[in-house]
Amino acid sequence: MTAAARAALVTGGASGIGRATVARLVAEGWQVVLADLNAENGERTAAELGADVRFVRADVSEEADVAGAVGACVAEFGRIDCVVNNAGVGGAFGALTDIAVADWDYTFAVLVRSVFLGIKHGARAMQAAGRGGSIVNTASVAAFSGGAGPQAYSAAKAAVLNLGRVAAAELAGDRIRVNTVCPGLIVTPLIGPDLETARAVMRQAQPWPDLGTPEDVAEVIAFLAGDAARFVTGEEITVDGGLRAA
Ligand code: NAD
């Protein structure tokens, strides 16, 4: 892969960590398809981030949409070298004794089925091209602990960790690397506008004295996406100011 000719698909690229990842990859010379459910934010973000970014509206829980977004990357840029499976929602909140099956299923569809579909269709396209590639999934520190997040969300993110390991083993022979980032508390619309509560949680649980930014996570995703990480696969990297270790 030459630095000037790499192309990536980033899901959930209209906001937060996804948007910062698109910006970081473009700064490194990547061409990027930004896929998101939110067309207004997606169109605006793509326009703001420049000529090397295209927006595709996609619901990542829908197979046809994910296959279409992968196809759009190949059609627009002639190749796909990386898929960043990042789109996410908080999902079902509440105790396991209260969560409705439909809310549980929705959480898993957006957080887990989406990653499976991004791997399935991204890897197929990479296999067809025969150049290898990389896949980066966004899990969460919540994946490691029952207490770190809402129950359905934590369980879904734990599934994303395992999917990453399974996919890394399956796809290594095709030189397709699969890695996972596990953000801690990152200031994005996902955690809501109440930063005082976020800071209170941070002071209690996180050793590092600042809240994380989308750019902090995007740096690690960009590293895992590119050739500097050529021997890194099946790995999980937390970006959490020491939250998990504490
Ligand atoms: P965000 O809300 O800023 O961005 C999420 C994006 O995903 C939005 O643009 C949204 O429109 C899109 N999206 C939601 N459902 C979708 C769907 N079905 N199809 C396509 N797009 C969809 O949130 P963020 O904090 O940037 O989250 C990005 C990822 O990071 C998520 O997977 C999230 O679970 C994970 N994460 C975030 C934090 C945090 O503290 N912010 C911590 C750990 C993990």
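**Figure 1. Overall dimensions of the predicted protein model.** The model shown here and in the following views is a predicted one, and the C-alpha atoms of the protein fill a box of roughly 45 × 35 × 35 Å when taken along the principal axes. Of the 246 residues, 49% count as buried, and among contacts between residues at least 6 apart in sequence, 68% join residues at least 24 apart.

**Figure 2. Secondary structure and confidence of the prediction.** The protein has seven helices and seven strands, and from the N terminus on its elements run β-α-β-α-β-α-β-α-β-α-β-α-α-β. The mean pLDDT of the protein is 95, with 97% of its residues reaching 70 or more, while the model as a whole scores ipTM 0.99 and pTM 0.97. Where pLDDT is low, the predicted coordinates should not be read in detail.

**Figure 3. Strand β1 and its pairing with strand β2.** Strand β1, which comprises residues 7-11, has five of its five residues buried, and it is therefore largely enclosed by the rest of the structure. Five bridges join β1 to strand β2 (residues 31-36), and the two strands run parallel; within β2, Gln31 is the bridge partner of Ala7.

**Figure 4. The shell of residues around the ligand.** There are 29 residues around the ligand, of which Gly12, Gly16, Gly88, Thr188 and Leu190 come nearest. By residue class, the shell divides into 14 nonpolar, 13 polar and two charged residues. Helix α1, which spans residues 16-27, gives the most to this shell, contributing three residues.

**Figure 5. The surroundings of Ala143.** Ala143 lies in the loop between β5 (133-138) and α5 (151-171), and it counts as buried because 23 C-beta neighbours lie inside 10 Å, where 20 or more are required. Leaving aside its neighbours within four places in sequence, Ala143 is in contact with Ser154, Lys157, Ala158, Val160, Leu161 and Cys182. One of these contact partners, Val160, is 17 residues from Ala143 in sequence, and the two residues are 8.3 Å apart in space, C-alpha to C-alpha.

Note on methods:
Residues are numbered from 1 along each chain as its sequence is written. This is a predicted model: local features need pLDDT of at least 70, side-chain atom pairs count only at pLDDT 80 or more; totals for chains, interfaces and linings use all residues. A residue is near a molecule or strand if its C-beta atom, placed from the backbone, lies within 6 Å of it. Helices (H or I, at least four residues) and strands (E, at least two) are DSSP runs, numbered from the N terminus. Ala, Val, Leu, Ile, Met, Phe, Trp, Tyr, Cys and Pro count as nonpolar, Asp, Glu, Lys and Arg as charged, and the others, Gly among them, as polar. pLDDT is the predictor's confidence in each residue, from 0 to 100. A residue is buried if 20 or more other C-beta atoms lie within 10 Å of its own, exposed if 12 or fewer, and partly exposed in between; C-beta atoms are placed from the backbone. Two residues are in contact if their C-beta atoms, placed from the backbone, lie within 7 Å. Two strands pair if DSSP finds at least two bridges between them.
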